[in-house]
Amino acid sequence: MTATVRLGRRGQMVLPAEVRRALAVKEGDELLIAVWPGGKATMIRKPRSFAEALAGLYGHLWKGIDPLIYQKTERETWES
């Protein structure tokens, strides 16, 4: 989806209704904007809790690995 917004005199913009729906944002919610090289920007809804938003992320990479055994093995390499 793409949408066009116009920047107001004081740097304000109004998000079109379809963008607000897609981001599930309402009045008072906060958005995060990341600016990338080349003049690109990404906008996402700020999570209420970053810990909850990131919980389980990349969990599939640890499938079949016991974290305690992994940690023990890693720490043993520190002693060498």
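This is a predicted model: local features need pLDDT of at least 70, side-chain atom pairs count only at pLDDT 80 or more; totals for chains, interfaces and linings use all residues.
Throughout this tour, a residue counts as buried under 20% relative accessible area, as exposed over 50%, and as partly exposed in between.

**The whole chain**

With the confidence colouring on, the protein chain shows a mean pLDDT of 91, and 99% of its residues reach 70 or more. Among the elements, strand E1 (residues 31-36) has the highest mean pLDDT, 95, while helix H2 (residues 50-54) has the lowest, 89.

A surface view comes next. The accessible surface of the protein chain is about 7,700 Å², with 57% of that area belonging to carbon and sulfur atoms, and buried residues make up 6% of the 80 residues. Of the contacts between residues at least 6 apart in sequence, 4% join residues at least 24 apart.

**Select Trp 62 and Tyr 70**

Which kind of aromatic pair do Trp 62 and Tyr 70 form? The structure holds one aromatic pair, and Trp 62 and Tyr 70 form it in an edge-to-face arrangement, with 5.0 Å from centre to centre and 85° between the planes. The pair counts as edge-to-face because its planes are over 60 degrees apart, the cut-off for that class. Trp 62 has a relative accessibility of 42%, so it falls in the partly exposed class, and Tyr 70, at 39%, is likewise counted as partly exposed.

**Select the salt bridges**

How many salt bridges does the structure hold? There are three, and they can be visited one after another.

Begin with Lys 26 and Asp 29, whose side chains meet in a salt bridge at 3.5 Å, N to O. Lys 26 is exposed, because its relative accessibility of 53% lies over the 50% limit, whereas Asp 29 is partly exposed at 23%.

Move on to Lys 46 and Glu 30, which form a salt bridge with the closest N and O atoms 3.5 Å apart. This pair links distant parts of the chain, since Lys 46 sits in the loop between strand E2 (40-45) and H2 while Glu 30 sits in the loop between helix H1 (17-23) and E1, 16 residues apart. Lys 46 has a relative accessible area of 30% and is therefore partly exposed.

Finish in helix H3 (residues 67-79), where Glu 76 and Lys 72 both lie, four residues apart, or about one turn of the helix. Their side chains meet in a salt bridge at 3.0 Å, N to O. Glu 76 is partly exposed at 43% relative accessibility, and Lys 72, at 54%, is exposed.

**Select strand E1**

Is Val 35 buried or exposed? Val 35, which lies in strand E1, is exposed, with a relative accessible area of 67%. Leaving aside neighbours within four places in sequence, Val 35 is in contact with Lys 40 and Ala 41. A distance drawn from Val 35 to Met 13, C-alpha to C-alpha, spans 17 Å, the two residues being 22 apart in sequence.

Ala 34 also has its place in strand E1, and it is partly exposed, with a relative accessible area of 30%. Once residues up to four places away in sequence are set aside, Ala 34 touches Lys 40, Ala 41 and Thr 42. Between the C-alpha atoms of Ala 34 and Ala 24, ten residues apart along the chain, the separation is 18 Å.

For the last stop, select Ala 22, which is found in helix H1 and is exposed, with a relative accessible area of 55%. A distance drawn between the C-alpha atoms of Ala 22 and Val 35, 13 residues apart along the chain, comes to 20 Å.

Technical notes. Residues are numbered from 1 along each chain as its sequence is written. Side-chain values use heavy atoms; hydrogens and water are left out. pLDDT is the predictor's confidence in each residue, from 0 to 100. Helices (H or I, at least four residues) and strands (E, at least two) are DSSP runs, numbered from the N terminus. Rings of Phe, Tyr and Trp (its six-membered ring) pair if their centres lie within 6.5 Å; planes under 30 degrees apart count as stacked, over 60 as edge-to-face and the rest as tilted. Buried means under 20% relative accessible area, exposed over 50%, partly exposed in between (1.4 Å probe, protein chains only). A salt bridge is a side-chain nitrogen of Lys or Arg within 4 Å of a carboxyl oxygen of Asp or Glu. Contact means heavy atoms within 4.5 Å. Accessible areas come from the Shrake-Rupley method with a 1.4 Å probe; for residues, only the protein chains shown count as cover.
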